[in-house]
Amino acid sequence: MSETLRYLQSETAEAGIEIGTLVKYLLLDAIKAGASDIHIEPWESTLVVRIRLNGVLTELVHLPLDLMEKISGRFKVLANLVTYQTSLPQEGHAPADPELGGVELRISIFPTTRGEKIVVRIFDPSNRSFDLAALGLDDDILQQFVKLISKPSGLILLTGPTGSGKTTTIYSALYTLVQRHGPAISIATVEDPVEFNLPMIAQAQVNLAQEFTYPMALRSLMRQDPQVIMVGEIRDAETAAIAVQAGLTGHLVISTIHSGSTAGIFARLINMDIEPFLLSSSITGVLGVRLIRKNCRFCSQPYEPDAGLMRLVPLEDRETATFRRGNGCDQCQNTGFSGRTAVVELLTVDQPFRDAVMLKLPTKALQEVATGQGMQTMWQRGLRRVYTGQTTLEEIMRVISVDEL
């Protein structure tokens, strides 16, 4: 039984629920389960509390609706927000609390027609590892990526949906460079927001209210003599142009950009009016990242995937593959999964690919050029995880969309 349910059923709660205690138990339950986020949302008849475990929302408890304003007020106090403001979104940060195991909280409150929705992101400094080798990258990908970040200049882009591990991968890359070069390397970042303070790295956070934007920060950074620049996200043409130029003028630039595929980022940047010859000269690699749930090692058993899904598996692989799935147990919160690992696709820009970019070939054609040069797609790498029983075919389909097959 969770600490929250135990408290709600106690004699103390019957005499009157103490909101501070209730919120503390909600946080403790989420932290104990290893959740990355807590969602507290008013539904039709209850205030539902859900936690995100391994990237998937799971119900934790349903509370009476009349507790909504008090719980919202408590989180506003924790994040030093305006307690009486209920009609506008608010965001804040709650510092580490020893009673909560030293985790930090990023709190977002959003007004809905039924009341305020609260989302709390949990950051556990003791559980944050920025070791590239621990991300679960395939050995060949790890070697190629380390080679890319070891180059003195160029632009490396990461793409993937929110929560796919892009920031962790970039932080791990920067941490690797710090470990390798020590005080001999100058690294600077511009982020929105800074998610973790890294040693020996100058990190800046954009502030739109003060007009401290990505383009403004990057222009200033170029006069700070950095060797490596990390840009949190390329969102507009101006940021893209400066990042590309920096990659061409002796800086190693690492950033993220939203795109449906690794090859698709070239069309995205061309649509931002970046000339193809600049892209082909500056971009050295694109890493597509997804996070998949791993089968629980305590309860995973052999199973037969649905016939419709099996049609996606090549005939030559069906007989040798080992399909496994977790049935759910106490060790995995009855989800069948425990922990996550990365599935990636690394597009390295070589001369044939540069020539294809210069010709403004469509995304599908660029993808074919990359695979023709030996790139394994994310779908192919995901299937390898399925064949060895690390995850399920259904999980790969959940994370990798059909147009990426």
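**Exercise 1.** State the strand order of the open sheet and find its edge strands.

Solution. Seven strands form this open sheet, in the order 9-8-10-11-7-12-15, with mixed pairing. Strands here are DSSP runs of E with at least two residues, and helices are runs of H or I with at least four, numbered from the N terminus. Two strands pair if DSSP finds at least two bridges between them. Strand 9 (202–205) and strand 15 (337–348) each pair on one side only, which makes them the edge strands. On average, neighbouring strands of the sheet are turned by 15° against each other, direction ignored.

The model is predicted: local features need pLDDT of at least 70, side-chain atom pairs count only at pLDDT 80 or more, and totals for chains, interfaces and linings use all residues. Residues are numbered from 1 along each chain as its sequence is written, and side-chain values use heavy atoms, leaving out hydrogens and water.

**Exercise 2.** Describe how strand 12 is joined to strand 15, and what lies across them.

Solution. Strand 12 (residues 283–295) and strand 15 run antiparallel and are joined by ten bridges. Arg 290 stands opposite Val 343 in strand 15. Helix 15 (residues 378–387) lies across both strands, at about 145° to strand 15. Axes are lines fitted to C-alpha atoms, for helices over the stretch in contact (heavy atoms within 4.5 Å); angles run from 0 to 180 degrees between N-to-C directions.

**Exercise 3.** Is Asp 138 buried or exposed, and which residues does Asp 138 contact?

Solution. Asp 138 is in the loop between strand 6 (115–123) and helix 5 (139–149). Asp 138 counts as buried because its relative accessibility is 15%; buried means under 20% relative accessible area, exposed over 50%, partly exposed in between (1.4 Å probe, protein chains only). Leaving aside neighbours within four places in sequence, Asp 138 is in contact with Arg 381, Arg 384 and Arg 385. The side chains of Asp 138 and Arg 385 make a polar contact (3.3 Å). A polar contact is a pair of N or O atoms within 3.5 Å; within protein, one must be able to donate a hydrogen and the other to accept it, and residues adjacent in sequence count only if both atoms are side-chain atoms.
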